[in-house]
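Please read them with the sequence and the structure open beside you.

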Amino acid sequence: MPLPRSGPVRSEAARQAILQATADLLTERGYDSLTIEGIAARAEVGKQTIYRWWPSKGAVIAECLLEGKILPGRLLVPDTGDIRRDLSQWLTTVFALLGEEQGETLLRSLVAAAAENADTGRRLRDSLTGSGSVAGRLRSAIGTAPNLTPDTPVDELAEALSGAVILRALSREPLREADLVRLLDAVLGR
């Protein structure tokens with residue numbers, strides 16, 4: 001007879017229940033009213049199960065975002081064939097979202113989760129490089145804009161755009177049209 005496993009066993013069903021409960025409660029109550037106890041109750045798991053897998057509610061929220069449970073599809077960069085228009089539309093969408101209470105608290109929780117857990121920070125950074133991401137869209141535009149050549153450092157340009165978004169959002173500065181144009185000129189050239 002095999003010996004029972006020691007250590008935590010991560011049930012995929014429990015993990016999905018926790019992520020869905022977090023997304024639902026965040027939408028219903030907002031970040032400030034979201035608690036690990038509330039998530040545990042909604043997911044029908046013990047709160048120790050949540051703490052075994054995530055160090056904080058910010059880390060759970062970050063995983064929800066990375067898995068598309070929060071804002072599904074809203075943060076993808078469009079691809080119309082015009083990189084400047086696509087990035088302009090994406091930045092406008094992101095800043096509109098950050099102007100909403102949920103968007104602002106989501107950003108704060110992501111920054112906090114990344115600051116307290118290096119793995120979460122790496123996963124968030126890696127999410128910038130997928131096909132529907134800023135870097136993915138820049139990569140697909142190579143050769144269509146004069147300064148997007150095969151040796152363009154697209155990951156670094158994506159980080160610069162994302163960093164600009166984060167800094168602007170943390171300072172609660174709105175993005176004006178002139179700011180948007182200058183930012184895109186810095187990344188794409190005039």
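1. Basis of the note. This is a predicted model, in which local features need pLDDT of at least 70 and side-chain atom pairs count only at pLDDT 80 or more, while totals for chains, interfaces and linings use all residues. Residues are numbered from 1 along each chain as its sequence is written, and side-chain values use heavy atoms, with hydrogens and water left out.

2. The chain as a whole. The protein chain has 10 helices and 0 strands, where helices (H or I, at least four residues) and strands (E, at least two) are DSSP runs numbered from the N terminus. Its C-alpha atoms fill a box of roughly 65 × 40 × 25 Å along the principal axes. Of the 190 residues, 42% count as buried, a term that means under 20% relative accessible area, with exposed meaning over 50% and partly exposed in between (1.4 Å probe, protein chains only).

3. Contacts and surface. Among the contacts in the protein chain with a separation of 6 or more, 63% come from residues 24 or more positions apart, contact meaning heavy atoms within 4.5 Å. The accessible surface is about 10,300 Å², and 54% of this belongs to carbon and sulfur atoms; the areas come from the Shrake-Rupley method with a 1.4 Å probe, and for residues only the protein chains shown count as cover.

4. Helix H2. In H2 (residues 36–43), the buried residues are Ile36, Gly38, Ile39, Ala40 and Ala43, and what covers them includes helix H1 (12–29), helix H3 (47–53) and helix H4 (57–66). After H2 comes Glu44, which has a positive phi, near 60°.

5. H4 against H7. The axes of H4 and helix H7 (residues 118–126) come within 11 Å and cross at roughly 20°, the axes being lines fitted to C-alpha atoms, for helices over the stretch in contact, with angles from 0 to 180 degrees between N-to-C directions. H4 is therefore roughly parallel to H7, given that angles under 35 degrees count as roughly parallel, over 145 as roughly antiparallel, 65 to 115 as roughly perpendicular and the rest as oblique. Ala59, Ala62, Glu63 and Leu66 of H4 make the contact with Thr120, Arg123 and Leu124 of H7.

6. H6 against H7. Helix H6 (residues 101–116) packs on H7 at an angle of about 125°, with the axes 5 Å apart, which makes H6 oblique to H7. Here Leu110, Ala113, Ala114 and Glu116 in H6 meet Ala118, Thr120, Gly121 and Leu124 in H7.

7. H5 against H10. Helix H5 (residues 83–98) and helix H10 (residues 177–188) have axes that come within 11 Å and cross at roughly 135°, and the two are therefore oblique to each other. The contact involves Ile83, Arg84, Leu87, Ser88, Leu91 and Thr92 of H5 and Leu180, Val181, Leu183, Leu184, Asp185 and Leu188 of H10.

8. A loop residue. Asn147 lies in the loop between helix H8 (134–140) and helix H9 (154–170), and is partly exposed, with a relative accessible area of 34%. Leaving aside neighbours within four places in sequence, Asn147 is in contact with Thr152, Val187, Leu188 and Gly189. The C-alpha atoms of Asn147 and Val181, 34 residues apart along the chain, are separated by 16 Å.
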